[in-house]
Amino acid sequence: MPYNIQSYNCNIPDFPVCEVHVLNNLPPDSAYGLEVHCASVDNDFGHRFPKVGDDFRWGFCGKPNTLFFCHFWWGNKDLVFDVFNDLDHCVHDGANIVPQGTTKCYWDVKYDGIYLGYVKGDKIYSQKYRDW
């Protein structure tokens, strides 16, 4: 079961601990707030409304068939896609964005789209994944 906490321990041998982070980096003066609904087959986090600068995150045991999706709304814009479905690159089409073996997936929500990223050292590297 995932948790919106700092750390998560996986008690299943040979499965990595994975994390998904949704970062709200929309303009602070925006007339609209961010709404996010993330879920898997087993877990539904409900509708969340992270404030600008918030990191909505959860951890889980990564298995080969693990899949989480999120639906993002900002004003009249919305996007839906898988935010985790691949143990090597966060998502199947993330190989050109994140290094192999990435288990901490960062989704950076900005005014021009949503970016997929990873952490190296203490810095997040990201690239645009979807336009609004």
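A residue is called buried when its relative accessible area is under 20%, exposed when that area is over 50%, and partly exposed in between, using a 1.4 Å probe and protein chains only. By this definition, 44% of the 132 residues of the protein chain count as buried.

The structure is a predicted model, in which local features need pLDDT of at least 70 and side-chain atom pairs count only at pLDDT 80 or more, while totals for chains, interfaces and linings use all residues. Residues are numbered from 1 along each chain as its sequence is written, and side-chain values use heavy atoms, with hydrogens and water left out.

## Overall form

The protein chain has zero helices and nine strands. Both kinds of element are DSSP runs numbered from the N terminus: helices are H or I runs of at least four residues, and strands are E runs of at least two. Along the sequence, the pattern is therefore written β-β-β-β-β-β-β-β-β. The radius of gyration is 14 Å, close to the 14 Å that the globule rule gives for 132 residues, so the protein chain is as compact as a globular protein of that length. Here the radius is taken over C-alpha atoms, and the globule rule is 2.2 Å times the number of residues to the power 0.38. The C-alpha trace spans about 45 × 30 × 25 Å along its principal axes.

A contact means heavy atoms within 4.5 Å. Among contacts in the protein chain between residues at least 6 apart in sequence, 54% join residues at least 24 apart. The accessible surface of the protein chain, found by the Shrake-Rupley method with a 1.4 Å probe, comes to about 7,300 Å², and 47% of this surface belongs to carbon and sulfur atoms.

## The nonpolar core

In soluble globular proteins, nonpolar side chains tend to be buried together. A nonpolar core is a set of buried Ala, Val, Leu, Ile, Met, Phe, Trp, Tyr and Cys residues joined through side-chain atoms within 4.5 Å. The largest such core in this model has 30 residues, of which Trp-58, Phe-72, Phe-81, Val-83, Trp-107 and Leu-116 touch the most other members. Two or more residues of this core come from each of β1 (17-24), β2 (34-39), β4 (55-61), β5 (68-74), β6 (77-84), β7 (104-110) and β8 (113-120).

Val-83 illustrates these contacts. Leaving aside residues up to four places away in sequence, Val-83 touches Val-20, Trp-58, Phe-68, Phe-69, Cys-70, Phe-72, Cys-90, Val-91, Cys-105 and Trp-107.

A disulfide is a pair of cysteine sulfur atoms within 2.5 Å. A search of the whole structure finds three disulfides, and with bonded cysteines counted along the chain they follow the pattern 1-3, 2-4, 5-6.

| Disulfide | S to S distance |
|---|---|
| Cys-10 to Cys-61 | 2.1 Å |
| Cys-38 to Cys-70 | 2.0 Å |
| Cys-90 to Cys-105 | 2.1 Å |

The link of Cys-10 and Cys-61 is right-handed, with 125° about the S-S bond. This pair links distant parts of the chain, with Cys-10 in the segment before β1 and Cys-61 in strand β4, 51 residues apart. Cys-10 counts as buried because its relative accessibility is 17%, and Cys-61 is buried at 12%.

The link of Cys-38 and Cys-70 is also right-handed, with 110° about the S-S bond. Cys-38 lies in strand β2 and Cys-70 in strand β5, 32 residues apart. Both Cys-38 and Cys-70 are buried.

For Cys-90 and Cys-105 the torsion about the S-S bond is about -95°, so this disulfide is left-handed. Cys-90 belongs to the loop between β6 and β7, Cys-105 belongs to strand β7, and 15 residues separate them. Cys-90 is buried, with 0% relative accessibility, and Cys-105 is buried, with a relative accessible area of 0%.

Cys-18 is buried at a relative accessible area of 1%.

## Asp-55

Asp-55 is placed in strand β4 and counts as partly exposed because its relative accessibility is 26%. Not counting residues up to four places away in sequence, Asp-55 touches His-21, Val-22 and Leu-23. The side chains of Asp-55 and His-21 are joined by a polar contact of 2.9 Å. A polar contact is a pair of N or O atoms within 3.5 Å; within protein, one must be able to donate a hydrogen and the other to accept it, and residues adjacent in sequence count only if both atoms are side-chain atoms. The C-alpha atoms of Asp-55 and Tyr-106 are separated by 9.3 Å, although these residues are 51 residues apart along the chain.
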